[in-house]
Amino acid sequence: MSQPDPAGFIAGYPLKTHNTFGFDVRAQFACRIEHEAQLMAAVRDPRAAGLPRLVLGGGSNVVLTGDFDGLVLLVAMKGRRIVREDDEAWYVEAAGGETWHEFVAWTLTQGLAGLENLALIPGTVGAAPIQNIGAYGLEMCERFASLRAVELATGNVVELDAQACQFGYRDSFFKREGRDRFVITSVTFRLPKAWQPRAGYADLARVLAAKTHAAAEADSDADAQPTAQAIFDAVVAVRRAKLPDPLELGNAGSFFKNPVVEAGQFEALKSREPDLVSYPQPDGRVKLAAGWLIDQCGWKGRAMGAAAVHERQALVLVNRGGASGAEVLALAKAVQRDVLERFGVELEAEPVCL
(Lines give C-alpha, C1' and ligand atoms only; values in the text may rest on other atoms or scores of the structure.)
Protein backbone atom coordinates (compact mmCIF):
# COMPACT_ATOMS: atom_id res chain seq x y z
CA MET A 1 0.00 0.00 0.00
CA SER A 2 1.25 3.50 -0.87
CA GLN A 3 2.70 5.40 2.09
CA PRO A 4 3.36 9.16 2.17
CA ASP A 5 6.68 10.48 3.46
CA PRO A 6 7.64 13.85 5.00
CA ALA A 7 8.76 15.27 1.64
CA GLY A 8 5.35 14.55 0.14
CA PHE A 9 6.46 11.70 -2.14
CA ILE A 10 4.12 8.75 -2.52
CA ALA A 11 5.50 5.56 -4.07
CA GLY A 12 3.41 3.37 -6.35
CA TYR A 13 0.73 6.06 -6.62
CA PRO A 14 -2.50 5.08 -8.47
CA LEU A 15 -3.38 7.45 -11.32
CA LYS A 16 -6.83 6.13 -12.18
CA THR A 17 -8.57 9.20 -10.74
CA HIS A 18 -6.00 11.55 -12.27
CA ASN A 19 -6.76 10.80 -15.92
CA THR A 20 -10.22 11.26 -17.40
CA PHE A 21 -9.99 8.06 -19.44
CA GLY A 22 -9.80 6.22 -16.11
CA PHE A 23 -6.83 4.06 -17.05
CA ASP A 24 -5.73 1.95 -14.09
CA VAL A 25 -2.00 2.71 -14.05
CA ARG A 26 0.48 3.80 -11.40
CA ALA A 27 3.35 6.24 -10.98
CA GLN A 28 6.69 5.24 -9.51
CA PHE A 29 6.45 8.40 -7.40
CA ALA A 30 3.89 11.19 -7.14
CA CYS A 31 3.80 14.46 -5.26
CA ARG A 32 0.91 16.85 -4.74
CA ILE A 33 2.02 20.41 -5.51
CA GLU A 34 0.17 23.20 -3.72
CA HIS A 35 2.77 26.00 -4.01
CA GLU A 36 5.93 26.80 -5.98
CA ALA A 37 8.36 26.07 -3.15
CA GLN A 38 6.93 22.58 -2.84
CA LEU A 39 7.36 22.10 -6.57
CA MET A 40 11.07 22.87 -6.47
CA ALA A 41 11.59 20.70 -3.39
CA ALA A 42 10.02 17.79 -5.27
CA VAL A 43 12.14 18.06 -8.39
CA ARG A 44 15.32 18.49 -6.33
CA ASP A 45 14.61 15.47 -4.13
CA PRO A 46 17.37 12.84 -4.66
CA ARG A 47 14.78 10.20 -5.50
CA ALA A 48 13.74 12.26 -8.53
CA ALA A 49 17.27 12.46 -9.94
CA GLY A 50 17.34 11.12 -13.50
CA LEU A 51 13.66 10.22 -13.49
CA PRO A 52 11.27 11.38 -16.20
CA ARG A 53 8.61 13.80 -14.96
CA LEU A 54 4.97 14.13 -15.82
CA VAL A 55 2.82 17.11 -14.88
CA LEU A 56 -0.86 16.29 -14.31
CA GLY A 57 -3.67 18.69 -13.61
CA GLY A 58 -7.06 17.20 -14.40
CA GLY A 59 -5.54 14.57 -16.69
CA SER A 60 -8.07 15.44 -19.38
CA ASN A 61 -5.61 15.59 -22.27
CA VAL A 62 -3.43 12.54 -21.77
CA VAL A 63 -3.45 8.88 -22.77
CA LEU A 64 -1.44 6.78 -20.31
CA THR A 65 -0.50 3.56 -22.07
CA GLY A 66 1.10 1.99 -18.99
CA ASP A 67 2.64 2.64 -15.58
CA PHE A 68 4.74 5.80 -15.44
CA ASP A 69 8.28 5.01 -14.30
CA GLY A 70 9.07 8.46 -12.99
CA LEU A 71 7.80 11.35 -10.89
CA VAL A 72 4.26 12.66 -11.42
CA LEU A 73 3.68 16.22 -10.24
CA LEU A 74 0.01 16.63 -9.31
CA VAL A 75 -0.71 20.33 -9.72
CA ALA A 76 -3.12 21.42 -6.96
CA MET A 77 -2.37 25.15 -6.62
CA LYS A 78 -5.53 27.14 -5.87
CA GLY A 79 -6.55 30.78 -5.95
CA ARG A 80 -8.29 33.30 -8.20
CA ARG A 81 -8.47 37.08 -8.06
CA ILE A 82 -9.09 40.24 -10.03
CA VAL A 83 -5.62 41.71 -10.45
CA ARG A 84 -6.34 45.11 -11.97
CA GLU A 85 -8.26 46.99 -14.61
CA ASP A 86 -7.62 49.60 -17.28
CA ASP A 87 -9.90 51.52 -19.60
CA GLU A 88 -10.42 48.53 -21.86
CA ALA A 89 -10.32 45.37 -19.74
CA TRP A 90 -10.29 43.55 -16.45
CA TYR A 91 -7.28 41.34 -15.66
CA VAL A 92 -8.05 38.15 -13.75
CA GLU A 93 -5.54 35.65 -12.39
CA ALA A 94 -6.12 32.00 -11.53
CA ALA A 95 -3.74 29.41 -10.10
CA GLY A 96 -2.72 26.48 -12.27
CA GLY A 97 -4.62 23.90 -10.24
CA GLU A 98 -7.99 25.64 -10.44
CA THR A 99 -10.67 23.67 -12.30
CA TRP A 100 -11.21 25.46 -15.61
CA HIS A 101 -15.02 25.27 -15.70
CA GLU A 102 -15.34 26.47 -12.10
CA PHE A 103 -13.04 29.39 -12.88
CA VAL A 104 -15.13 30.39 -15.91
CA ALA A 105 -18.30 30.24 -13.80
CA TRP A 106 -16.62 32.37 -11.10
CA THR A 107 -15.70 35.12 -13.58
CA LEU A 108 -19.38 35.47 -14.45
CA THR A 109 -20.34 35.76 -10.78
CA GLN A 110 -17.89 38.67 -10.65
CA GLY A 111 -19.71 40.32 -13.56
CA LEU A 112 -16.83 39.66 -15.96
CA ALA A 113 -17.71 38.35 -19.41
CA GLY A 114 -15.38 36.88 -22.01
CA LEU A 115 -14.73 33.21 -21.22
CA GLU A 116 -18.32 31.90 -21.37
CA ASN A 117 -17.86 30.08 -24.72
CA LEU A 118 -15.22 27.90 -23.06
CA ALA A 119 -17.54 26.57 -20.34
CA LEU A 120 -17.45 22.88 -19.36
CA ILE A 121 -14.10 22.18 -21.02
CA PRO A 122 -12.47 19.62 -18.73
CA GLY A 123 -9.09 20.21 -17.12
CA THR A 124 -7.31 22.89 -15.14
CA VAL A 125 -6.34 26.51 -15.71
CA GLY A 126 -2.67 25.56 -15.97
CA ALA A 127 -3.37 23.17 -18.83
CA ALA A 128 -5.44 25.66 -20.83
CA PRO A 129 -2.50 27.55 -22.42
CA ILE A 130 -0.67 24.35 -23.31
CA GLN A 131 -3.52 23.20 -25.52
CA ASN A 132 -4.78 26.69 -26.34
CA ILE A 133 -8.25 25.35 -25.65
CA GLY A 134 -11.10 26.58 -27.79
CA ALA A 135 -14.79 26.04 -28.49
CA TYR A 136 -17.79 27.69 -30.11
CA GLY A 137 -15.90 30.44 -31.90
CA LEU A 138 -13.41 31.39 -29.17
CA GLU A 139 -9.84 30.35 -28.43
CA MET A 140 -8.22 30.89 -25.05
CA CYS A 141 -5.38 32.90 -26.59
CA GLU A 142 -7.87 35.67 -27.44
CA ARG A 143 -8.39 36.31 -23.71
CA PHE A 144 -4.83 35.56 -22.59
CA ALA A 145 -2.63 38.20 -20.99
CA SER A 146 0.32 36.34 -19.44
CA LEU A 147 1.32 33.32 -17.39
CA ARG A 148 3.76 32.44 -14.64
CA ALA A 149 5.74 29.21 -14.87
CA VAL A 150 8.61 27.42 -13.17
CA GLU A 151 11.38 25.94 -15.31
CA LEU A 152 12.05 22.53 -13.83
CA ALA A 153 15.72 22.27 -14.76
CA THR A 154 16.74 25.56 -13.14
CA GLY A 155 13.98 26.51 -10.73
CA ASN A 156 13.71 29.88 -12.43
CA VAL A 157 10.32 31.56 -12.42
CA VAL A 158 9.38 33.09 -15.78
CA GLU A 159 6.59 35.38 -16.94
CA LEU A 160 5.50 34.77 -20.54
CA ASP A 161 3.23 36.85 -22.74
CA ALA A 162 1.18 35.64 -25.71
CA GLN A 163 4.02 36.12 -28.18
CA ALA A 164 6.37 33.98 -26.10
CA CYS A 165 3.72 31.27 -25.80
CA GLN A 166 3.49 30.98 -29.61
CA PHE A 167 -0.17 30.01 -29.64
CA GLY A 168 -1.63 28.15 -32.62
CA TYR A 169 -4.66 25.99 -33.25
CA ARG A 170 -4.68 23.63 -30.23
CA ASP A 171 -0.99 24.33 -29.99
CA SER A 172 1.60 26.35 -28.10
CA PHE A 173 5.27 26.62 -27.22
CA PHE A 174 4.59 24.20 -24.37
CA LYS A 175 3.67 21.39 -26.78
CA ARG A 176 6.85 21.90 -28.80
CA GLU A 177 10.14 23.45 -27.63
CA GLY A 178 8.83 23.90 -24.10
CA ARG A 179 7.42 20.42 -23.70
CA ASP A 180 8.16 18.86 -20.28
CA ARG A 181 10.28 21.87 -19.30
CA PHE A 182 7.83 24.00 -17.33
CA VAL A 183 5.02 23.86 -14.80
CA ILE A 184 2.48 26.63 -15.29
CA THR A 185 1.61 27.94 -11.84
CA SER A 186 -0.82 30.76 -12.72
CA VAL A 187 -2.47 32.39 -15.73
CA THR A 188 -3.77 35.95 -16.13
CA PHE A 189 -6.62 36.66 -18.53
CA ARG A 190 -7.70 39.92 -20.14
CA LEU A 191 -11.50 40.19 -20.16
CA PRO A 192 -12.80 43.06 -22.34
CA LYS A 193 -15.12 45.71 -20.97
CA ALA A 194 -16.55 46.28 -24.47
CA TRP A 195 -17.80 42.68 -24.62
CA GLN A 196 -19.61 41.30 -27.64
CA PRO A 197 -21.36 37.90 -27.65
CA ARG A 198 -20.13 35.08 -29.86
CA ALA A 199 -23.15 32.96 -30.63
CA GLY A 200 -22.80 32.09 -34.30
CA TYR A 201 -22.26 28.33 -34.02
CA ALA A 202 -25.38 26.50 -35.17
CA ASP A 203 -25.92 24.40 -32.02
CA LEU A 204 -25.37 27.39 -29.78
CA ALA A 205 -27.62 29.66 -31.82
CA ARG A 206 -30.37 27.04 -31.77
CA VAL A 207 -30.39 26.77 -27.97
CA LEU A 208 -30.28 30.55 -27.53
CA ALA A 209 -33.11 31.05 -30.05
CA ALA A 210 -35.28 28.54 -28.20
CA LYS A 211 -34.72 30.37 -24.92
CA THR A 212 -35.49 33.72 -26.53
CA HIS A 213 -38.70 32.32 -27.99
CA ALA A 214 -39.72 30.88 -24.61
CA ALA A 215 -39.05 34.23 -22.92
CA ALA A 216 -41.13 36.06 -25.52
CA GLU A 217 -44.05 33.67 -25.06
CA ALA A 218 -43.87 34.27 -21.32
CA ASP A 219 -44.09 38.04 -21.94
CA SER A 220 -40.61 38.46 -20.51
CA ASP A 221 -38.13 41.04 -21.71
CA ALA A 222 -36.20 39.09 -24.34
CA ASP A 223 -33.02 40.94 -25.17
CA ALA A 224 -31.98 41.01 -28.81
CA GLN A 225 -28.44 40.27 -27.67
CA PRO A 226 -27.77 37.26 -25.40
CA THR A 227 -25.99 37.82 -22.11
CA ALA A 228 -22.72 36.15 -21.20
CA GLN A 229 -24.59 34.00 -18.68
CA ALA A 230 -27.06 32.92 -21.36
CA ILE A 231 -24.20 31.87 -23.62
CA PHE A 232 -22.54 30.03 -20.74
CA ASP A 233 -25.77 28.15 -20.01
CA ALA A 234 -26.28 27.34 -23.69
CA VAL A 235 -22.71 26.02 -24.07
CA VAL A 236 -23.19 23.81 -21.01
CA ALA A 237 -26.48 22.48 -22.40
CA VAL A 238 -24.99 21.73 -25.82
CA ARG A 239 -21.86 20.06 -24.43
CA ARG A 240 -23.86 17.91 -22.00
CA ALA A 241 -26.17 16.80 -24.81
CA LYS A 242 -23.34 15.86 -27.16
CA LEU A 243 -20.41 14.83 -24.98
CA PRO A 244 -20.14 12.11 -22.32
CA ASP A 245 -19.30 13.00 -18.73
CA PRO A 246 -15.80 11.60 -17.96
CA LEU A 247 -17.04 10.64 -14.49
CA GLU A 248 -19.56 8.31 -16.12
CA LEU A 249 -17.71 7.21 -19.27
CA GLY A 250 -13.94 7.63 -19.52
CA ASN A 251 -12.83 9.99 -22.28
CA ALA A 252 -10.57 12.95 -23.06
CA GLY A 253 -13.09 15.07 -24.93
CA SER A 254 -12.37 15.65 -28.61
CA PHE A 255 -9.64 13.18 -29.48
CA PHE A 256 -8.76 14.59 -32.90
CA LYS A 257 -8.05 18.10 -34.14
CA ASN A 258 -10.16 19.47 -36.96
CA PRO A 259 -7.75 19.26 -39.92
CA VAL A 260 -6.93 22.41 -41.91
CA VAL A 261 -6.30 21.90 -45.63
CA GLU A 262 -5.22 24.06 -48.55
CA ALA A 263 -7.93 25.59 -50.73
CA GLY A 264 -7.07 23.38 -53.70
CA GLN A 265 -7.36 20.19 -51.66
CA PHE A 266 -10.66 21.40 -50.26
CA GLU A 267 -12.11 22.10 -53.72
CA ALA A 268 -11.11 18.63 -54.91
CA LEU A 269 -12.71 17.04 -51.83
CA LYS A 270 -15.85 19.16 -52.16
CA SER A 271 -16.34 18.03 -55.75
CA ARG A 272 -16.33 14.42 -54.55
CA GLU A 273 -18.13 15.02 -51.24
CA PRO A 274 -20.80 17.74 -51.72
CA ASP A 275 -21.92 17.51 -48.08
CA LEU A 276 -18.40 18.10 -46.72
CA VAL A 277 -18.60 20.19 -43.53
CA SER A 278 -16.07 22.99 -43.62
CA TYR A 279 -15.10 26.38 -42.16
CA PRO A 280 -13.12 28.93 -44.24
CA GLN A 281 -10.05 30.34 -42.50
CA PRO A 282 -8.66 33.89 -42.68
CA ASP A 283 -5.50 32.68 -44.47
CA GLY A 284 -7.46 31.11 -47.32
CA ARG A 285 -7.21 27.56 -46.04
CA VAL A 286 -10.23 25.56 -44.94
CA LYS A 287 -10.88 23.76 -41.65
CA LEU A 288 -12.73 20.44 -41.97
CA ALA A 289 -14.96 18.86 -39.33
CA ALA A 290 -13.06 15.80 -38.13
CA GLY A 291 -16.19 14.36 -36.55
CA TRP A 292 -17.99 14.43 -39.91
CA LEU A 293 -15.07 12.70 -41.64
CA ILE A 294 -15.01 9.97 -38.99
CA ASP A 295 -18.78 9.53 -39.14
CA GLN A 296 -18.68 9.13 -42.93
CA CYS A 297 -16.20 6.29 -42.48
CA GLY A 298 -18.76 4.46 -40.35
CA TRP A 299 -16.96 4.71 -37.04
CA LYS A 300 -19.57 6.44 -34.87
CA GLY A 301 -20.61 4.00 -32.14
CA ARG A 302 -18.16 1.28 -33.20
CA ALA A 303 -15.87 -0.43 -30.71
CA MET A 304 -12.60 -2.30 -30.60
CA GLY A 305 -12.75 -4.24 -27.36
CA ALA A 306 -13.56 -1.89 -24.49
CA ALA A 307 -12.47 1.18 -26.48
CA ALA A 308 -15.10 2.81 -28.68
CA VAL A 309 -16.08 5.84 -30.72
CA HIS A 310 -18.90 7.60 -28.92
CA GLU A 311 -22.34 7.06 -30.43
CA ARG A 312 -23.33 10.75 -30.32
CA GLN A 313 -20.01 12.43 -31.15
CA ALA A 314 -17.52 10.75 -33.46
CA LEU A 315 -14.69 13.02 -32.28
CA VAL A 316 -14.77 11.39 -28.85
CA LEU A 317 -13.11 8.07 -28.05
CA VAL A 318 -14.31 6.40 -24.86
CA ASN A 319 -13.31 3.74 -22.36
CA ARG A 320 -16.38 1.56 -21.88
CA GLY A 321 -14.74 -0.08 -18.89
CA GLY A 322 -11.39 -1.76 -18.48
CA ALA A 323 -9.81 -0.47 -21.68
CA SER A 324 -6.08 0.21 -21.68
CA GLY A 325 -4.34 3.20 -23.18
CA ALA A 326 -2.86 0.92 -25.84
CA GLU A 327 -6.37 -0.19 -26.86
CA VAL A 328 -7.54 3.40 -27.22
CA LEU A 329 -4.48 4.22 -29.34
CA ALA A 330 -5.14 1.18 -31.54
CA LEU A 331 -8.69 2.41 -32.11
CA ALA A 332 -7.42 5.92 -32.89
CA LYS A 333 -4.98 4.56 -35.47
CA ALA A 334 -7.73 2.54 -37.15
CA VAL A 335 -9.90 5.66 -37.40
CA GLN A 336 -6.99 7.72 -38.76
CA ARG A 337 -6.22 5.02 -41.36
CA ASP A 338 -9.79 4.93 -42.68
CA VAL A 339 -10.10 8.72 -42.88
CA LEU A 340 -6.80 8.95 -44.74
CA GLU A 341 -7.80 6.22 -47.19
CA ARG A 342 -11.17 7.79 -48.00
CA PHE A 343 -10.44 11.51 -47.88
CA GLY A 344 -6.65 11.80 -48.13
CA VAL A 345 -6.69 13.79 -44.88
CA GLU A 346 -4.50 13.01 -41.87
CA LEU A 347 -6.12 13.36 -38.46
CA GLU A 348 -3.90 14.50 -35.60
CA ALA A 349 -4.62 13.40 -32.04
CA GLU A 350 -5.16 16.15 -29.47
CA PRO A 351 -4.13 14.28 -26.27
CA VAL A 352 -0.54 13.62 -25.30
CA CYS A 353 0.16 9.88 -25.53
CA LEU A 354 2.65 8.40 -23.06
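**Exercise 1. Aromatic rings**

Task: In this predicted model, find which residues ring pairs link into a cluster, then classify two ring pairs by geometry.

Solution. 

Step 1. The cluster consists of Phe 21, Phe 23, Phe 255 and Phe 256, joined by ring pairs.

Step 2. Two rings pair if their centres lie within 6.5 Å. By this rule the model has 15 aromatic pairs. One of them is Phe 103 with Trp 106, whose centres are 6.3 Å apart and whose planes make an angle of 25°. Planes under 30 degrees apart count as stacked, and this pair is stacked.

Step 3. Locate that pair in the chain. Phe 103 and Trp 106 both belong to helix H2 (residues 100–109). They are 3 residues apart, so about one helical turn separates them. Phe 103 has 0% relative accessibility and is therefore buried. Trp 106, at 15%, is buried too.

Step 4. Take the pair of Phe 144 and Phe 167: the centres are 5.0 Å apart and the planes stand at 75°. An angle over 60 degrees counts as edge-to-face, and this pair is edge-to-face. Here the partners come from distant parts of the chain, 23 residues apart. Phe 144 is in strand E10 (residues 144–151), whereas Phe 167 is in the loop between helix H4 (162–165) and strand E12 (182–192). Both are buried.

**Exercise 2. Charges over rings**

Task: State which ring Arg 47 lies over, and which ring has the charged end of Arg 302 over it.

Solution. 

Step 1. Arg 47 is over the face of Phe 9, 4.4 Å from the ring centre.

Step 2. For Arg 302, the ring is that of Trp 299, and the distance to its centre is 3.7 Å.

**Exercise 3. The open sheet**

Task: Give the strand order of the open sheet of 5 strands, explain why one side of each edge strand lacks a neighbour, and say which helices lie on the sheet.

Solution. 

Step 1. The order is E6-E7-E12-E10-E11, with antiparallel pairing.

Step 2. At the edges stand E6 (80–85) and E11 (157–161); each has a single partner strand, so one side of each has no neighbour in the sheet. From one strand to the next, the twist averages 20°.

Step 3. Look at one pairing inside the sheet. E10 and E12 are joined antiparallel over 7 bridges. Glu 151 has Phe 182 of E12 as its bridge partner.

Step 4. H1 (residues 36–44) lies across E10, E11 and E12, at about 40° to E10. H2 packs on the sheet and touches E6, E7 (89–95) and E12, its direction making about 45° with that of E6.

**Exercise 4. Positive phi**

Task: What is the phi of Gln 166 and of Asp 180, and where do these residues lie?

Solution. 

Step 1. Most residues other than glycine have a negative phi.

Step 2. Gln 166 has a positive phi near 50°, and Asp 180 has a positive phi near 65°.

Step 3. Gln 166 lies in the loop between H4 and E12, and Asp 180 is in the loop between H4 and E12 as well. Gln 166 is partly exposed at 35% relative accessible area, while Asp 180 is exposed at 59%.

Key: Residues are numbered from 1 along each chain as its sequence is written. This is a predicted model: local features need pLDDT of at least 70, side-chain atom pairs count only at pLDDT 80 or more; totals for chains, interfaces and linings use all residues. Side-chain values use heavy atoms; hydrogens and water are left out. Rings of Phe, Tyr and Trp (its six-membered ring) pair if their centres lie within 6.5 Å; planes under 30 degrees apart count as stacked, over 60 as edge-to-face and the rest as tilted. Helices (H or I, at least four residues) and strands (E, at least two) are DSSP runs, numbered from the N terminus. Buried means under 20% relative accessible area, exposed over 50%, partly exposed in between (1.4 Å probe, protein chains only). A charge sits over a ring if NZ of Lys or CZ of Arg is within 6 Å of the ring centre and within 35 degrees of the ring normal. Two strands pair if DSSP finds at least two bridges between them. Axes are lines fitted to C-alpha atoms, for helices over the stretch in contact, and angles run from 0 to 180 degrees between N-to-C directions. Contact means heavy atoms within 4.5 Å.
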